[in-house]
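Subject: Structure handover

Hi,

Here is the structure for you to look through. My notes follow below it.

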Amino acid sequence: MRRRQSSVLESGGLMDKWKGKNQPSRMCLLASLSAFFWLGLFCFHFSVLGGGSVALDTSPQLHQASFNGGSSNPEIEIGLEREAMVDNSSKHETPDPVQPTDENPPPPVKPKIKGRTTHHKKQNYPFMRALRTVDNKSDPCGGRYIYVHDLPPRFNSDMLKECKTLSLWTNMCKFTTNGGLGPPLDNTDGVFSNTGWYATNQFAVDVIFANRMKQYECLTKDSSLAAAIFVPFYAGFDVARYLWGHNISTRDSASLALVDWLVKRPEWSIMGGKDHFLVAGRITWDFRRLTDQESDWGNKLLFLPAAKNMSMLVVESSPWNANDYGIPYPTYFHPARDDDVIIWQERMRKLDRNNLFCFAGAPRPDNLKSIRGQIIEQCKNSKVGKLLECDLGESKCHSPSSIMQMFQSSLFCLQPQGDSYTRRSAFDSMLAGCIPVFFHPGSAYTQYTWHLPKNFSEYSVFIPEDDVRRNISIEERLGRISKEKVKEMRENVINLIPQLIYADPRSKLETLKDAFDVAVDAVINKVTKLRKDVIKGREDDDFIEELSWKYALLDEVEATGPHEWDPYFSKPKKDGKSVSNS
């Protein structure tokens with residue numbers, strides 16, 4: 001407006017200067033001045049204001065830079081503060097994605113309009129520092145740091161001091177020696193290699209894992225750098241000592257105390273425990289008591305609200321719950337060096353295997369749905385089958401040397417359900433280079449998705465339980481597999497050995513990843529994905545927890561559709577003891 005007034009005054013002076021001249025000349029002058037004025041205004045609009053539109057187009061890029069490393073531009077920061085004042089949503093509300101892609105599609109449109117405010121919130125997530133460590137290429141631990149809670153000794157080491165109370169049936173004191181590996185095994189029969197073999201208890205993963213964690217190369221005392229947070233609670237040892245003859249108050253005592261301790265820690269508030277994980281060397285049903293009736297089995301650790309946010313690694317997980325994950329049972333082999341593993345693998349490749357199939361186990365006469373009786377009969381009646389019957393008084397079944405010798409001389413090892421879906425024997429057999437034969441998908445395929453290939457036919461054979469009940473011939477079924485296919489499957493099994501065993505916790509493998517390494521990597525990937533989803537505003541609103549077993553095997557669309565294994569997992573069991581009755 002000021003510029004327009006200035007132009008009028010200038011034209012008025014010119015009119016006085018030319019006063020007295022004829023009227024047409026004065027009119028021409030006015031027309032020329034008017035034309036110059038509008039031409040100047042037109043040029044000003046496109047040269048100045050047009051340039052402003054380009055600056056606006058670049059503002060999102062400046063804003064993105066503020067998320068990655070903070071902005072030094074005060075105008076940007078002021079703008080962010082203004083928008084934060086306009087958006088009165090809770091600071092805990094999950095933001096929407098800023099730049100959705102085909103891989104990360106945007107969620108359904110919500111009534112609140114967000115955008116730059118989302119970028120501002122991203123900077124304030126307490127786990128952002130941990131995520132940014134990935135970008136530091138000079139740091140070999142970037143994105144891999146683990147923070148370990150310093151728990152009161154009642155939650156771990158005190159249990160080992162009272163090792164005689166850890167099991168009603170077994171003196172666990174000898175099994176807690178050597179970092180949880182147990183006493184060394186004698187190799188008089190030449191079944192084992194010279195070093196690395198121990199009489200390891202199948203429920204000793206609590207202490208083995210905790211001691212392996214002490215050797216983890218990326219531990220940190222700064223929890224803000226942690227990709228995940230480890231809780232060294234011996235949950236398996238805790239529940240085992242109270243499973244028989246103790247009331248529910250005693251069984252739940254340590255779990256309740258642990259949760260009370262954790263939720264008061266500042267690390268818990270970062271993600272409400274969703275970045276925490278712990279290990280229990282027992283099956284999930286020991287921690288899933290459904291009621292508070294004294295007759296019900298186990299404790300209720302995995303049903304505690306806070307525990308539902310944590311990830312619990314167990315030797316057998318639930319197909320219908322999302323807060324537990326299957327990890328391998330410990331075997332007898334705990335190598336200290338890469339060469340120990342490589343030499344063992346080569347030895348398993350060269351063995352002559354005279355038995356087509358074998359089975360080590362006892363019948364389950366009280367379980368009408370068990371197929372073990374039929375399997376034992378087929379082994380007894382076959383000239384190419386081998387049986388190590390583990391009934392009462394059968395000492396060879398409790399001899400690691402006898403078990404491993406039979407597995408090493410067999411092409412296929414039968415692994416039916418036992419007291420629950422899974423068996424330690426499956427991992428002992430694969431350690432021996434024996435191809436496992438499963439009869440229920442819950443025995444391996446839906447359990448150990450971190451450690452075993454999703455394509456189970458690469459390393460195993462699946463024979464449905466109903467086929468055995470109809471008296472199909474196991475010998476005939478396995479005999480139809482070509483020699484070339486058997487060789488290929490056996491090689492795949494032998495190649496899996498490193499990631500199915502736990503290395504000696506007093507040392508560390510150099511290049512090979514053992515079961516511990518695979519599990520830790522999987523936990524870190526899980527937490528990292530969750531954190532990125534929080535930043536992008538992604539929520540699993542359509543997640544169906546009862547179908548948890550599907551999500552680990554299939555994509556999200558397939559998981560909600562029908563599957564050939566649905567009959568195996570169609571109805572959750574009413575109590576932990578009946579999980580094998582499917």
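Start with one term: buried means under 20% relative accessible area, exposed means over 50%, and partly exposed is in between (1.4 Å probe, protein chains only). Cys 358 is buried because its relative accessible area is 1%.

Now the ground rules. This is a predicted model, where local features need pLDDT of at least 70, side-chain atom pairs count only at pLDDT 80 or more, and totals for chains, interfaces and linings use all residues. Residues are numbered from 1 along each chain as its sequence is written, and side-chain values use heavy atoms, with hydrogens and water left out.

**Disulfides**

A disulfide is a covalent bond between the sulfur atoms of two cysteines. Here the test is a pair of cysteine sulfur atoms within 2.5 Å. How many does a search of the whole structure find? There are four. Number the bonded cysteines of the protein chain in sequence order, and the pairing reads 1-4, 2-3, 5-6, 7-8.

Cys 358 is in no disulfide. The nearest cysteine sulfur is that of Cys 413, 3.6 Å away. Cys 379 has 3% relative accessibility, so Cys 379 counts as buried.

Take Cys 163 and Cys 173. Their sulfur atoms are 2.0 Å apart. The torsion about this S-S bond is about 90°, so the disulfide is right-handed. Both Cys 163 and Cys 173 sit in the loop between helix 6 (157-161) and helix 7 (205-214), ten residues apart. Helices (H or I, at least four residues) and strands (E, at least two) are DSSP runs, numbered from the N terminus. Both cysteines are buried.

Next come Cys 390 and Cys 397. The sulfur atoms of this disulfide are 1.3 Å apart. The torsion of the S-S bond between Cys 390 and Cys 397 is about 65°, so this disulfide is right-handed. Cys 390 is buried, at 16% relative accessible area. Cys 397 is also buried, at 11%.

Then see Cys 413 and Cys 434. A disulfide joins them, S to S 2.1 Å. The torsion about the S-S bond is about 115°, so the disulfide of Cys 413 and Cys 434 is right-handed. Cys 413 lies in strand 8 (residues 410-415), and Cys 434 lies in the loop between helix 14 (425-431) and strand 9 (435-438), so the pair ties together parts that are 21 residues apart in sequence. Cys 413 is buried, with a relative accessible area of 0%. Cys 434 counts as buried too, at 0% relative accessibility.

**His 334**

Where is His 334 placed? Look in the loop between strand 5 (324-326) and helix 11 (338-350). Is His 334 buried or exposed? His 334 is buried, with a relative accessible area of 1%.

Polar contacts come next: pairs of N or O atoms within 3.5 Å, where within protein one must be able to donate a hydrogen and the other to accept it, and residues adjacent in sequence count only if both atoms are side-chain atoms. The side chain of His 334 makes one with the side chain of Thr 200, at 2.7 Å. The His 334 side chain also reaches the backbone oxygen of Tyr 502 at 2.7 Å.

Contact means heavy atoms within 4.5 Å. Leaving aside neighbours within four places in sequence, His 334 is in contact with residues including Leu 181, Tyr 198, Ile 208 and Asp 504.

**Tyr 145**

Tyr 145 is in the loop between helix 5 (128-132) and strand 1 (146-148). Tyr 145 counts as buried, at 14% relative accessibility. The side chain of Tyr 145 makes a polar contact with the side chain of Asp 139 (2.7 Å). Not counting residues up to four places away in sequence, Tyr 145 touches Cys 218, Leu 219 and Thr 220, among others. Tyr 145 and Ile 229 are 84 residues apart in sequence. In space they are 8.8 Å apart, C-alpha to C-alpha.

Best wishes
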